[in-house]
Amino acid sequence: MKKILLLLAVSLLTTYNYAQSLSQVSLSGGGIALSSFSFTTDQQAIIRISPDGNIIDWGMALEPTRIGYYQGKLQPFMGRVDYYGQEADEAYRGKVKSIGTCNITYYGASQPATQKGKVKSIGSVQLDYYMEYDNDAFRGKLKSINGSAVEYYASYDNESFRGKLKSVTGTALTYYSQLDDRLNKGKIKSIGTVSYSWYGEFDRKEYQGSMKSGSTIQKINGITFSIW
């Protein structure tokens, strides 16, 4: 009986922890633009937020065989969704309050402009943002997830990747500069230890700009990176 209770406790803890972390980062244009950060709830719903902390959409993951899977499209979430009412703080009045069993909070109207109205927590995941005194290339963008840093290239960095995602929860990202590859400048070059390459201007015309090596869906250090 004790073993059963122990296994049940471990199972519940594992489920809880699974829901309390970043699950996916989406990059569009081959990595030229950061599209979203996604979090998976204990009901397997995916909640997607923009780099500046606003909810984009939510739903259930598509099967890999479905059209739109690689672009991050979602199936509708069939569970209950609640919204903040007119009695709520003006900064998040009318915004989504819960998706299934996952509660969502926001920074209130009294907070600095770089935080006001943005998602503060998704379940137990705490989010923070760069302030008005930070570099203008990432001011107002997501700064940390449960205290783990999210970093961006600054305005003084190479123009091919300034403002782009530099690292997320310890995983570093690099990009091609114009000196590396004029045609593919700004596209993803590496995520962690995984490298990416792209067909260049000297390759066959129908291949130019498309991915040569790497994977459009790649799980690295526990996070799924979607490159499309």
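The lining of the largest pocket has eight nonpolar, nine polar and three charged residues. Here Ala, Val, Leu, Ile, Met, Phe, Trp, Tyr, Cys and Pro count as nonpolar, Asp, Glu, Lys and Arg as charged, and the others, Gly among them, as polar. The model is predicted: local features need pLDDT of at least 70, side-chain atom pairs count only at pLDDT 80 or more, and totals for chains, interfaces and linings use all residues. Residues are numbered from 1 along each chain as its sequence is written, and side-chain values use heavy atoms, with hydrogens and water left out.

Start with confidence. pLDDT is the predictor's confidence in each residue, from 0 to 100. Its mean over the protein chain is 91. A pLDDT of 70 or more is reached by 91% of the residues. Residues 1-20 stay under 50. For that stretch the model has 12 contacts beyond four places in sequence, a contact being heavy atoms within 4.5 Å.

Back to the pocket. On a 1 Å grid over the protein atoms alone, a pocket is an open set of points where a 1.4 Å probe fits, with protein on both sides within 12 Å along at least five of seven lines. Lining residues have an atom within 4 Å of a point. The largest pocket has a volume of about 460 Å³. That volume is the space filled by probe spheres set on the points, which are joined across faces, edges and corners. Its lining counts 20 residues. Ser-23, Gln-24, Thr-40, Ile-46 and Thr-224 lie nearest the centre.

Which strands supply at least two residues each of this lining? They are E1 (22-28), E3 (45-49), E19 (217-220) and E20 (223-227). E1 gives the most, with three residues. Strands (E, at least two residues) are DSSP runs, numbered from the N terminus.

Next comes Ser-38, in strand E2 (residues 33-40). Ser-38 is buried, at 1% relative accessibility. Buried means under 20% relative accessible area, exposed over 50%, and partly exposed in between (1.4 Å probe, protein chains only). Leaving out residues up to four places away in sequence, Ser-38 touches Leu-22, Ser-23, Gln-24, Ile-46, Ile-47 and Arg-48.

Side chains of opposite charge can pair when their charged atoms come close. A salt bridge is a side-chain nitrogen of Lys or Arg within 4 Å of a carboxyl oxygen of Asp or Glu. By this rule there are six. One joins Arg-48 to Asp-57 at 3.1 Å, N to O. Arg-48 is buried at 11%, while Asp-57 is partly exposed at 26%. Another joins Arg-80 to Asp-82 at 3.0 Å. Here Arg-80 is exposed at 62%, and Asp-82 is partly exposed at 26%. Glu-206 and Arg-204 form a salt bridge too, with the closest N and O atoms 2.4 Å apart. Both of these residues are exposed.

Two further sites complete the tour. Asn-146 sits in the loop between strand E11 (142-145) and strand E12 (148-152). Asn-146 is partly exposed, at 40%.

Ser-167 belongs to strand E13 (residues 165-168). At 10% relative accessibility, Ser-167 is buried. Beyond four places in sequence, Ser-167 touches Ala-149, Val-150, Glu-151, Ala-172 and Leu-173. Tyr-153 is 14 residues from Ser-167 in sequence and 9.0 Å away, C-alpha to C-alpha.

Methods. Helix = DSSP H or I, 4+ residues; strand = E, 2+ residues; numbered from the N terminus.
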